[in-house]
Amino acid sequence: MNKRMKHKCKITILKRECYKDLQAEYLADPKSGPCPYFREGQEIIVDNDNFFRMLHGTFCAEAWDCISRYVYAALQGGSIMQGWTNNEKVMITCCNDGTRPVIFKLERIDEEV
């Protein structure tokens, strides 16, 4: 008998970087500081029910644009980094904010149903 699997994706915020020199030189608000949406150590569980609702004020739209394709692959049970990381269920990635990037760990979670 085949076991059915349900997949989730855990997003963990590993780091919030802030490059004050770049902010001072290039931003309209040179004291923007680190990303206000996330905190280090924060964990967010994404499943099929809430995947399309991540933009309702709970997730930065730019960051979501960078990582959502990998989250979707995890929710479908796919490999998110086969051959690149030492575990195909785990990916380290970041948003595209050049002066205050956030580093994310994406992790596919497999559950029997």
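Guide: Strands β1 and β2 pair in the antiparallel sense, over four bridges. Strands here are DSSP runs of E of at least two residues, helices are runs of H or I of at least four, and both are numbered from the N terminus; two strands pair if DSSP finds at least two bridges between them. This is a predicted model, where local features need pLDDT of at least 70, side-chain atom pairs count only at pLDDT 80 or more, and totals for chains, interfaces and linings use all residues. Residues are numbered from 1 along each chain as its sequence is written, and side-chain values use heavy atoms, with hydrogens and water left out.

Visitor: Which residue in β2 is the bridge partner of K10?
Guide: That is I45.

Visitor: And how many bridges join β1 to β4?
Guide: Eleven, and those two strands run antiparallel.

Visitor: What about K8, buried or exposed?
Guide: K8, in strand β1, counts as buried because its relative accessibility is 19%; buried means under 20% relative accessible area, exposed over 50% and partly exposed in between, with a 1.4 Å probe and protein chains only.

Visitor: What is K8 in contact with?
Guide: Leaving aside neighbours within four places in sequence, the contacts of K8 include I45, D47, L75, E107 and E111. Contact means heavy atoms within 4.5 Å.

Visitor: Switching topic: how many aromatic pairs are there?
Guide: A search of the whole structure finds eight. F59 and W64 form one that is edge-to-face, at 5.3 Å centre to centre with 70 degrees between the planes. Rings of Phe, Tyr and Trp (its six-membered ring) pair if their centres lie within 6.5 Å; planes under 30 degrees apart count as stacked, over 60 as edge-to-face and the rest as tilted.

Visitor: How does F59 pair with F104?
Guide: Those two are stacked, 6.0 Å centre to centre and 25 degrees between the planes. F59 lies in the loop between β2 (43-46) and α2 (61-75) and F104 in strand β4 (residues 102-112), so the pair ties together parts that are 45 residues apart in sequence. Both residues are buried.

Visitor: Which residues form the aromatic cluster?
Guide: Y37, F38, F51, F52, F59, W64, Y72 and F104 form one cluster.

Visitor: Last one: in what order do the elements run?
Guide: From the N terminus on, β-α-β-α-β-β, with two helices and four strands in the chain.
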